[in-house]
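Here is a short report on a protein chain and its strands. Look over the sequence and the model first.

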Amino acid sequence: MKPPTWWAAPLYLWALPNALIGLLILLYAKPHGVNWHSGALVIKVKRIPGGRWVLGQTHGFVVLVKEGTASLLVHEFVHVKQQLVLGLLFYLMYGVQ
Ligand SMILES: [Zn+2]
């Protein structure tokens with residue numbers, strides 16, 4: 001994914017509610033590092049809701065990861081794309097799976 005450009009701004013706005021959920025989770029997640037990577041805000045955290053086997057979680061363009069391994073980021077960046085398109089509907093789709 002490329003960094004956001006002006007034409008992607010509406011998608012980032014559309015996914016903003018999701019991103020805010022991700023930022024709210026930071027209150028629990030104990031963040032300890034952040035960088036902008038491939039159009040997403042990648043935040044290293046110590047805890048992720050859902051159990052200790054959960055290594056990564058994406059909310060909008062906010063990606064929470066315990067380890068920044070390439071394969072995990074590739075996986076999470078797919079969820080970023082999905083949420084830029086689906087917005088809050090992503091949670092419905094994800095819940096149905
Ligand atoms: Zn996934």
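## Strand β4 and its partners

Four bridges join strand β2 (residues 40-45) to β4, and the two run parallel. Strands here are DSSP runs (E, at least two residues) and helices are runs of H or I of at least four residues, numbered from the N terminus. Two strands count as paired if DSSP finds at least two bridges between them. This is a predicted model: local features need pLDDT of at least 70, side-chain atom pairs count only at pLDDT 80 or more, and totals for chains, interfaces and linings use all residues. Residues are numbered from 1 along each chain as its sequence is written.

Strand β3 (residues 56-59) also pairs with β4, in the antiparallel sense, over four bridges. β3 and β4 form a hairpin with two residues between them. Gly60, in the turn, has a positive phi of about 60°.

| Residue | Stands opposite in β4 |
|---|---|
| Val42 | Val63 |
| Gln57 | Leu64 |

In a regular strand, side chains alternate between the two faces of the sheet. Both faces of β4 (residues 62-65) are covered. Val62 and Leu64 on one side are buried, as are Val63 and Val65 on the other. Buried means 20 or more other C-beta atoms within 10 Å of the residue's own, with C-beta atoms placed from the backbone.

## The whole chain

The protein chain has four helices and four strands. From the N terminus, the order is α-α-β-β-β-β-α-α. Buried residues make up 24% of the 97 residues. The C-alpha trace spans about 35 × 30 × 25 Å along its principal axes.

Technical notes: Buried ≥ 20, exposed ≤ 12 C-beta atoms within 10 Å, placed from the backbone.
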